[in-house]
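I opened this model to see how its parts pack together. My notes follow.

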Amino acid sequence: MLAAARNNDTFHKAFFYTMGISAETRSHIRSLFDFKEDIIKPEGLSAAWQTGSTQRLCRLAFNLWNGWTEERNENRSTPYELFDCGFAPYFFEAIRLRYPEYCKSMEHPALHFSRSER
């Protein structure tokens with residue numbers, strides 16, 4: 001999908017990774033993303049093939065793309081709603097792909113105590 005989109009920035013990586021989590025979203029990617037215009041297609045959320053879990057997946061992907069939330073249904077894009085499905089473990093990787101600068105492994109310096117503090 002990155003090759004088809006001709007872009008591998010963090011927006012595209014996170015979006016296509018997220019859409020790739022489910023076989024349903026993979027097979028319907030063209031109803032969710034316009035490759036020619038390089039834009040998401042939120043109207044794909046109401047497609048007959050969508051399930052509660054694939055809708056959550058799409059909402060996260062759309063939000064990672066450009067901050068999109070469904071007008072008058074913004075509450076459906078909260079972590080409480082989005083992560084309430086079997087795809088949740090994969091969502092963390094999508095977030096890491098979108099925000100690599102904030103998700104680097106952080107080394108915790110060893111605590112050094114003097115003998116009197118032990």
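I looked up helix H2 (residues 10-19) and found His12, Ala14, Phe15, Phe16, Thr18 and Met19 buried. Buried means under 20% relative accessible area, exposed over 50%, partly exposed in between (1.4 Å probe, protein chains only). Helices (H or I, at least four residues) and strands (E, at least two) are DSSP runs, numbered from the N terminus. The model is predicted: local features need pLDDT of at least 70, side-chain atom pairs count only at pLDDT 80 or more, and totals for chains, interfaces and linings use all residues. Residues are numbered from 1 along each chain as its sequence is written, and side-chain values use heavy atoms, leaving out hydrogens and water.

I then checked what the buried residues of H2 pack against (contact: heavy atoms within 4.5 Å). The partners include helix H1 (2-5), helix H3 (23-27) and helix H4 (52-66).

**Thr25**

I found Thr25 in helix H3. Thr25 counts as buried, at 0% relative accessibility. Leaving out residues up to four places away in sequence, Thr25 touches Met19, Leu32, Trp49, Thr54, Leu57 and Cys58.

**Aromatic pairs**

I noted 12 aromatic pairs in the structure. Rings of Phe, Tyr and Trp (its six-membered ring) pair if their centres lie within 6.5 Å; planes under 30 degrees apart count as stacked, over 60 as edge-to-face and the rest as tilted. Phe16 and Phe35 are stacked, at 5.7 Å centre to centre and 10° between the planes. Phe16 lies in H2 and Phe35 in the loop between E1 and E2, so this pair ties together parts 19 residues apart in sequence. Both are buried.
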